[in-house]
Amino acid sequence: MLTVNVDLAAHAYPIHIGNHLLDRTELFAPHLMGSTVALITNATIEPLYAARLRSTLAPLGKRLIQIVLPDGEAHKHWETLNLIFTKLLAEHADRKTTLIALGGGVVGDITGFAAACYMRGVPFIQVPTTLLAQVDSSVGGKTGINHPLGKNMLGAFHQPQAVIADTAVLRTLPARELAAGLAEIIKAGAIADAAFFDWIETHIDALNRGDEAATIEAVRRSCEIKAQVVAADEREQGRRALLNFGHTFGHAIEAGLGYGRWLHGEAVGCGMVMAATLSQQLGLIDSATRTRLKRLIAAAHLPTQAPTLGSDRYLDLMRVDKKTEAEHINCILLKRLGEAFVMRVTDHTLRAVLTASTQPDTAAEKPNT
């Protein structure tokens with residue numbers, strides 16, 4: 001087992017990474033202070049792993065409440081959140097009740113938001129079961145739900161007590177979900193660590209097939225990068241915004257197509273290509289850098305051509321973004337691989353990128369075989 005620590009002054013916590021951690025009672029015990037635990041999962045994960053986790057928790061003698069949510073991004077809304085509140089209240093859960101999120105990013109985000117709100121704040125633990133959740137959404141304390149007008153626009157910062165990332169559960173992950181997680185791994189290298197980006201390029205075939213050693217290393221380094229950024233800027237007042245590379249475009253794709261049609265990682269992968277195109281058009285990076293990023297995203301089996309929504313629709317959706325200020329759109333751009341920054345971009349410039357990104361690319365930019 002590897003452990004990465006998120007060093008926050010008010011609330012530090014561990015990220016445990018390794019195989020078969022779901023069975024280790026001692027990893028959960030220090031974080032369950034009350035007499036009641038609420039296990040929150042979804043209809044897909046419950047038959048796979050809920051019984052195992054209940055068995056792991058059984059020796060601790062806690063009263064267990066189980067809440068099974070519908071699966072998918074399309075259900076990441078207020079009605080699903082209210083299912084959690086209703087069950088907690090009906091079961092008389094108190095302020096020492098710990099919520100455990102067993103699932104992917106949707107379960108983690110919605111459970112964290114419920115924990116932030118219930119009785120004005122109760123503890124929770126992240127047990128992410130997708131690669132994307134293990135490397136990104138379970139770490140950093142961002143919680144929330146979607147609104148029809150914007151992704152993750154309702155939420156709170158609420159840090160978990162611990163993140164327990166069992167990489168063995170990724171063996172049941174569909175190929176499409178695995179690829180979605182690779183998007184956030186590529187993002188970490190692109191914005192913060194050129195050497196890690198090189199490593200991902202070298203190991204992309206191993207990552208695609210779920211190689212155990214490569215996956216653990218990718219999760220470890222991605223979590224390490226995010227933990228460092230979060231420790232420096234917990235509430236996204238500055239540097240933490242860089243973690244949204246590709247997300248301004250990606251969130252617009254998700255909302256524009258309808259939540260769930262593209263996975264979050266698919267939209268972010270395409271969004272990173274769009275952000276790299278914008279960086280190139282502004283003279284920040286050369287075409288070779290954009291090509292290199294696009295090739296890696298394609299090699300991870302992620303889309304690189306944006307869906308045609310229309311420039312006006314894209315811009316409207318991009319304005320519903322937490323980085324937008326006075327309707328001015330801020331984008332995360334590349335100075336080079338391994339270094340990113342935030343820049344305000346005009347509508348005129350964005351329209352040119354949106355036009356270029358929704359047209360078939362005739363350049364020979366296919367992944368190496």
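Modeller: One term before we start: a residue is buried under 20% relative accessible area, exposed over 50% and partly exposed in between, using a 1.4 Å probe and protein chains only. The model is predicted, so local features need pLDDT of at least 70 and side-chain atom pairs count only at pLDDT 80 or more, while totals for chains, interfaces and linings use all residues. Residues are numbered from 1 along each chain as its sequence is written, and side-chain values use heavy atoms, with hydrogens and water left out.

Biologist: Great, thanks! Then Thr56: buried or exposed?

Modeller: Thr56 has a relative accessible area of 4%, so it is buried. You'll find Thr56 in helix 2, residues 46-57. Helices here are DSSP runs of H or I with at least four residues, strands are E runs of at least two, and both are numbered from the N terminus.

Biologist: And what does Thr56 touch?

Modeller: Leaving out residues up to four places away in sequence, Thr56 touches Leu22, Asp23, Arg24, Thr25 and Phe28. Contact here means heavy atoms within 4.5 Å.

Biologist: I was also looking at Thr277. Where does Thr277 lie?

Modeller: Thr277 lies in helix 10, residues 264-281. Thr277 counts as buried because its relative accessibility is 7%. With residues up to four places away in sequence not counted, its contacts are Arg290, Val353 and Ser357.

Biologist: Let's zoom out. How many helices and strands are there in the protein?

Modeller: There are 13 helices and eleven strands. The radius of gyration is 20 Å, close to the 21 Å that the globule rule gives for 369 residues, so the protein is as compact as a globular protein of that length. That radius is taken over C-alpha atoms, and the rule is 2.2 Å times the number of residues to the power 0.38. Along the principal axes, the C-alpha atoms fill a box of roughly 60 × 40 × 35 Å.

Biologist: What share of the residues count as buried?

Modeller: Of the 369 residues, 57% count as buried. Among contacts between residues at least 6 apart in sequence, 74% join residues at least 24 apart.

Biologist: Which residues touch the most other members of the largest nonpolar core?

Modeller: Phe28, Ile100 and Leu293 do, in a core of 98 residues. A nonpolar core is a set of buried Ala, Val, Leu, Ile, Met, Phe, Trp, Tyr and Cys residues joined through side-chain atoms within 4.5 Å. Another core, of 19 residues, lies apart from that one, and includes Leu81, Leu88, Leu99 and Ala115.

Biologist: Back to Ile100 for a second, what does Ile100 touch?

Modeller: Not counting residues up to four places away in sequence, its contacts include Phe28, Leu32, Val37, Leu53, Ile125 and Val127.

Biologist: Rings next. How many aromatic pairs are there?

Modeller: The count is two aromatic pairs. Rings of Phe, Tyr and Trp (its six-membered ring) pair if their centres lie within 6.5 Å, and planes under 30 degrees apart count as stacked, over 60 as edge-to-face and the rest as tilted. Phe196 and Trp199 are stacked, because their ring centres are 5.8 Å apart and their planes are at 20°. The two sit three residues apart in helix 7 (residues 194-208), so about one helical turn separates them.

Biologist: Which lysine lies over the face of Phe341?

Modeller: That would be Lys335, at 5.4 Å from the ring centre. The criterion is NZ of Lys or CZ of Arg within 6 Å of the ring centre and within 35 degrees of the ring normal.

Biologist: What about helix 9, how many of its residues are buried?

Modeller: Ten of the eleven residues in helix 9 (residues 247-257) are buried. Among the elements covering those buried residues are helix 10, helix 6 (175-192) and strand 8 (150-157). Gly258 follows helix 9 and has a positive phi, near 105°.

Biologist: One more on backbone angles: what is phi of His92?

Modeller: Near 60°, a positive value in a residue other than glycine. His92 is in the loop between helix 3 (78-90) and strand 5 (98-103), and is exposed, with a relative accessible area of 67%.
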